[in-house]
Amino acid sequence: ALPKQVRVVEVGPRDGLQNEPGTIATEVKLELIDRLGAAGLRHIEAASFVSPKWVPQMGDAAEVMAGLQRRPGVVYAALTPNLKGFEGAREAGVSEVAVFTAASEAFTQKNINCSIAESLERFAPVIDAAKAADIRVRGYVSTVLGCPYAGEIAPEQVAAVSRELLDMGCYEISLGDTIGVGTPLKAKRMLEAVAKAVPLAQLAAHFHDTYGQALANLYAVLEEGLAVIDSSVAGLGGCPYASGASGNVASEDVVYLLQGLGIETGIDLGRLVETGHWITGRIGRANGSKVGQAMGCG
Ligand code: HMG
Ligand code: MG
């Protein structure tokens, strides 16, 4: 059955911007995050404490976290691949961190330069330190519906990695269709396999829209009862270690879909659409949200 409420996790400031080649001013990122909060987003992935040599665009993560006008009730999260990243994030005052690995060995190697097992070893001290600092940890599993290097991925492999992250202390596991190759039946089967290992209430869908299937795939997992969706305003983004990967499903399109289904999000669609037009104008990108295009600039 469909959930009554869905929590939308806005990943635009991180996933949406991380692959942008030109430098985006910290003030632009801060205004984006502020506008998203004003539109009613309550969970915003704001930055990424990764190596600036690997992802230069996230090099100002500490400045972004420090400059935030924090709204009460809003979670400002950041990616932290290792203890060095976690220390930076903690000093900058994050409310939540996320560790990230994949269901594919080849992708993990390209993305974070280690094996899946090594990535989990790196996360253990991060999760311990986070627990000590009272910071919640989310876990990402990438390539859940296919890998740009290894092709097909067994749902059981996704389930196994997800379960390990849960056992290590992640409160939620976000399932990434990193290159947007999934289709609804495949997404449903993958979720069914993972839900045998991790309670459905602790799972999120993080679908990229590369092949235009993201909304259909989301509907398939919503029908299974999944109630947390990651999305990116204006459909911004792409993964630096997955060539051809386009942005996440657009937040505007997700909110429109959910409203049509009578599912509560607490998000003001008009303000979100405005924010999509504003940020795409600032960074010179096309607006990847169909709803954004249809509703215009207001
Ligand atoms: P490495 O080179 O193996 O790490 O990188 P290392 O420990 O050997 O360190 C090498 C250098 O990096 C050292 O500096 C470290 O200090 C520095 P040097 O001595 O050469 O000057 N370093 C760091 N600097 C800042 N912050 C850090 C940090 N760690 C080390 N945290 C590492 C390993 C993971 C750091 C690297 O591979 C990396 O940063 N990769 C970036 C991965 C990334 O950001 N990918 C995109 C996000 S994931 C994604 O988009 C998928 C997702 O959206 C879900 C989905 O769609 O599927 C989440
Ligand atoms: Mg992603």
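Let's start at Ser 289, which touches Ala 234, Gly 235, Ala 250, Glu 252, Asp 253 and Gly 276, leaving aside residues up to four places away in sequence; touching here means that C-beta atoms, placed from the backbone, lie within 7 Å. This is a predicted model, where local features need pLDDT of at least 70, side-chain atom pairs count only at pLDDT 80 or more, and totals for chains, interfaces and linings use all residues. Residues are numbered from 1 along each chain as its sequence is written, while chains are lettered from A and ligands numbered from 1 in the order in which they are written.

Ser 289 sits in the loop between α11 (269-283) and α12 (290-295). Helices are DSSP runs of H or I with at least four residues, strands are E runs of at least two, and both are numbered from the N terminus. Ser 289 counts as buried because it has 30 C-beta neighbours inside 10 Å; the cut-offs are 20 or more other C-beta atoms within 10 Å for buried, 12 or fewer for exposed, and partly exposed in between, with C-beta atoms placed from the backbone.

Zooming out, the protein chain has twelve helices and eight strands. Buried residues make up 53% of its 298 residues. The C-alpha trace spans about 50 × 40 × 35 Å along its principal axes.

Now for ligand 1. Of the 26 residues around it, Val 50, Gly 85, Ser 142, Gly 176 and Thr 178 come nearest, where being around the ligand means a C-beta atom, placed from the backbone, within 6 Å. The elements giving two or more residues to this shell are α4 (83-91), α5 (105-112) and β5 (136-142).

Definitions and conventions:
Two residues are in contact if their C-beta atoms, placed from the backbone, lie within 7 Å.
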